[in-house]
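The questions below take up several of them in turn.

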Amino acid sequence: MRCLPLLLILPFLAHADFPAVYNSDPGDAQPPTPQEALGMFKLPPGFKATLFAAEPDVQNPIAMAWDDKGRMWVAENYTYAERTKRFDLSLKDRVIILEDRDWDGVAETRKVFTEDVQMLTSVEVGRGGVWLMCPPQVLFIPDANHDDVPDGPAQVVLDGFTVAKDNYHNFANGLRWGPDGWLYGRCGHSCPALLGLPGTPESERIPMKGGIWRFHPERKVVEVLTHGTTNPWGHDWDANGEMFFINTVTGHLWHLMQGAHLHDMSPSLNPGVYERLDMIADHYHFDTKGSWMDSRDGKANDLGGGHAHIGMMIYQADQWPNEYRNKLFTLNMHGRRANVERLERLGSGYVGRHEPDVFLTQDTWFRGMEISTGPDGSGFILDWSDTGECHDHTGVHRTSGRIFRISYGDAKKPEKPFAWRKPLPTPDLESKDEYARVRAIRQATETWPLDTLRGPLAKVEYPQSAITTTLPKLLQKARHDSSSLVHLTLASTLQRLPLKHRPELAIELVKHAEHAEDKNLPSLVWYGLIPLGDSDPMALISVAQVCTWPKLTRWITRNLAGRIETQPEPLRALLACATNEAQRIAMLEGLSDAFQGWRKAPKPTGWEGFVASLTTPGQAERVSTLVRELSSLFGDGRALDAIKATVLDSQADITTRQAALKTLIDARPPFLRELCESLLSTRGLNTTAIRGLGLFDDPAIGQRLIQDYRKFATAERTAVIDALVSRPAWVAALLENMGDQGAKIARSDLTAFHARQIRSFEVPALTAKLTEVWGELRESVGDKAKLIHDLKAQLTPAVLAKANLSQGRAMYQICAACHQMYGEGGKVGPDLTGSGRSNLDYLLENIIDPSGVVSADYRMSLLTLKDGRVLSGVIARQNDRTLTLRLMTEETTVEKSEIAKQETSPVSMMPEGLLMAFQPDQVRDLIAYLMHPSQVPLPK
């Protein structure tokens, strides 16, 4: 292993006034020395590591790029700061150039190209200068003569990459030239973007919430290629020109399919997207039975190390042994290693299969940021070198950073830099090579405008002559090409076509019955057809008539059924065009999907004939249930009686009875109250019955629920409280019967979430009674910084070591009403299983000042319904007709027409001052339990 010499510094390029860099991590913590870190790698036989560069010559390296001379350009980020600051703009970021002139794996020279930028996350070189991602902008610094000195000030070429006020990670990143000449980049979902050239009006900008985008520097065009994922932070292209990218949390490995909507934890920006595509790997690198955040501290080592993946490389050189060629490598943060994926074709796309992990390190400071194939065919790894991460706040250690070269034996000086790069298949629509045909389709259509959310924009001008010439060739490929990857590329192309041409291409694709169960094709075709629901719904009928893909038929039905009140004819035509049983079942399921949350719907013309045509002996029970539910929605009294019989059938499966009762609650037949009251003592149905009774504004119901409260099991009582706090009259009775020992309802059964809902009624008498029997709900605890400081001084390691963790878990039940931990608890707040809770500062900041950083996904919405009820929770999803609210115990869907008032609170659902109600030993026990890395038993 090679030692690092003193680099030759070219000082005339550096500014003397570069702000002094400081460390904000507590104490005087220091990483292993660069040489010690080098010795901590465990490499496969025959591999060796050298220290290419290290501090002080490189610090906080966040990204790298290579130029044609084989030099490494490194982005150093100093401005990223601890959670309370997010970015320290008294500092500056820097771009340096490192060169290994004798190709021994150690850089001898270092230049500073610029140190006058901030919030720098990425660097790329080419096309006459240097490109920098500095959210919210992409900057271009010209250097036309390639003398490594900027020719002028930075130019803003693209903007709109939001730095969200309520988040401090998921920033836009990842500039890299694609083989097609576009500049590609990535964006996380917590920092949604509105992309455009500088000066573009907001109405003409392209929305984005996670995914991949690209920019053409000559044509000045930006495209959002995919929507979704959580925090993509690495991508590369394989030998055929197919792009893959890496992600954190919601699946780690993805194939770039232009126009795709990918799995995410928040609702899609496009309401017509009913199902999003999942990752392509057949495995996870953590145990999915628990929380994704419960993969730290070596708990997921056997699976690959954890959920966080950073940097990506598809190795295509020949310096490493052949067994590594064309494999995908990504750095696993918590596993401190590189995960390896074997990419294989599967259907129209790919699957990633887990190969043995490599390049493991015992350095607990290792924070790999990027992995890349260098000019000599070796691999290069950037190490940020710190102890924290976005959910684990230990401050920022800015004065360390390392770059390692990984080679097999001694790497040789190449004849020219990157001589290992091979040309991609030449685009040719008639080639025998399917990748050449795929590249030809993309090349022929890349100037056709793409909008993956709204369909064609009003001001878009299509190249009509090119479309007229090219479209017949595409239709021929859709009819006769045997490659499913070619078909996938054509499906993506739908979103580039004028709407009038989309049905004819879709029709040729959906005739291929062999793709009915393909993982990608039905979705990609549907994403291209979504705008037709608004512009030409009858065009969807022409596709459905020949469609051999049940999923697509189901989505077309769902879309048209949602328009039945204003446009009934397309749905009638659709039901009439069904020619086989698979189509009819798909349509039935689409109808059921469309009417979720509807109380009543017009009966489609021809409904009776459609039902009569159903035979389905293999799915008779499922079909019969759907028909009954839909018929009741359409006002068929006989169907309601049949559903009631199912609810009362004690021999029927309890889940079937629950579903039937929910159907009746939505339909609200005259017998609903009597039925629900009769089920209050039936386990498995009583909590659903309580929800039904909540529809009736009768104080007697509230009194009965209070009277019977003790008869409900402990797990069922939250549903009772939920109902009681939904109406002011019931709240008054609830508070009258609440207290400590001897009271009908224990004071501890009312959560802070419930208390905040009671406060929301703004009835002074109820607020006063709440304070009297439950306690005060503080909206502000005054000097939060002082309170955090005081608690931190009290909760020393010695004090926390004396905590009773089991009692802490019992105290945590207050939090469990809204938060999950170890797979248990509510879902209206973030999962706490990981979330940086091992850090005392992070915990106290979130508990004392919960509104300091509130993600948009967890803001409380308050719905006042026309029937007098008030519901509070997190909006899970919504469309033009309905809104689904995530409550403490369940999700509930309401029609928007039933909402009298909707309010969104700018503050957290979690009230301030929770800890102030506890004794010091209780605070100690709760905090120690939250900081503890594993579950403990409850007190006996």
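What follows is a set of questions and answers on confidence, helix packing, sheets and backbone angles.

Q: What is the mean pLDDT of the protein chain, and where does pLDDT stay under 50?
A: This is a predicted model, and the mean pLDDT of its protein chain is 90, with 92% of the residues reaching 70 or more. Since pLDDT is the predictor's confidence on a scale from 0 to 100, these values speak of confidence in each residue. Among the stretches with pLDDT under 50 are residues 1–6, for which the model has 20 contacts beyond four places in sequence, and residues 9–14, for which it has ten such contacts.

Q: Which residues make the contact between helix 13 and helix 14, and how do they divide by class?
A: From helix 13 the contact takes R628, E629, S631 and S632, and from helix 14 it takes A639, L640, A642, I643 and T646. By class, the contact of helix 13 with helix 14 has four nonpolar, three polar and two charged residues.

Q: What makes helix 15 and helix 17 roughly parallel?
A: The axes of helix 15 (residues 654–667) and helix 17 (residues 686–693) come within 10 Å and cross at roughly 0°. Angles under 35 degrees count as roughly parallel, and helix 15 and helix 17 are therefore roughly parallel to each other. Their contact is made by L661, K662 and I665 of helix 15, together with T688, A689, R691 and G692 of helix 17. Sorted by class, this contact of helix 15 with helix 17 has three nonpolar, two polar and two charged residues.

Q: How do you know that helix 20 and helix 22 are roughly parallel?
A: Helix 20 (residues 728–736) packs with helix 22 (residues 764–773) at an angle of about 25°, their axes being 10 Å apart. With the cut-off for roughly parallel set at angles under 35 degrees, helix 20 and helix 22 are therefore roughly parallel to each other. Helix 20 passes helix 22 in a left-handed crossing. The contact is made by P728, V731, A732, L735 and E736 of helix 20 and by L766, K769, L770 and V773 of helix 22, and the residues of this contact divide into seven nonpolar, no polar and two charged.

Q: What makes strand 8 and strand 11 edge strands?
A: They belong to an open sheet of four strands, with the order 8-9-10-11 and antiparallel pairing. Strand 8 (122–125) and strand 11 (155–159) each pair on one side only, and that places them at the edges. The twist averages 20° from one strand to the next.

Q: How do you know that strand 8 and strand 9 pair?
A: Two strands pair if there are at least two bridges between them, and strand 8 and strand 9 (residues 129–134) have four bridges, in the antiparallel sense. S122 stands opposite M133 in strand 9.

Q: Why is one side of strand 19 and of strand 21 left without a neighbour in the sheet?
A: The sheet is an open one of three strands, with the order 19-20-21 and antiparallel pairing. Strand 19 and strand 21 (253–255) stand at its edges and each has a single partner strand, so one side of each is left without a neighbour in the sheet. Strand 19 and strand 20 (residues 243–246) pair in the antiparallel sense over three bridges, and W237 stands opposite M243 in strand 20.

Q: Which peptide bonds are cis, and where is the proline of each found?
A: Among them is the bond from E55 to P56, with omega near 10°, and P56 is found in the loop between strand 3 (47–54) and strand 4 (61–66). Another is the bond from P135 to P136, with omega near 15°, and P136 has its place in the loop between strand 9 and strand 10 (137–142).

Methods
Residues are numbered from 1 along each chain as its sequence is written. This is a predicted model: local features need pLDDT of at least 70, side-chain atom pairs count only at pLDDT 80 or more; totals for chains, interfaces and linings use all residues. Side-chain values use heavy atoms; hydrogens and water are left out. Contact means heavy atoms within 4.5 Å. Helices (H or I, at least four residues) and strands (E, at least two) are DSSP runs, numbered from the N terminus. Ala, Val, Leu, Ile, Met, Phe, Trp, Tyr, Cys and Pro count as nonpolar, Asp, Glu, Lys and Arg as charged, and the others, Gly among them, as polar. Axes are lines fitted to C-alpha atoms, for helices over the stretch in contact, and angles run from 0 to 180 degrees between N-to-C directions. Angles under 35 degrees count as roughly parallel, over 145 as roughly antiparallel, 65 to 115 as roughly perpendicular and the rest as oblique. A crossing is left-handed if the near helix is turned anticlockwise from the far one by less than a right angle, and right-handed if clockwise.
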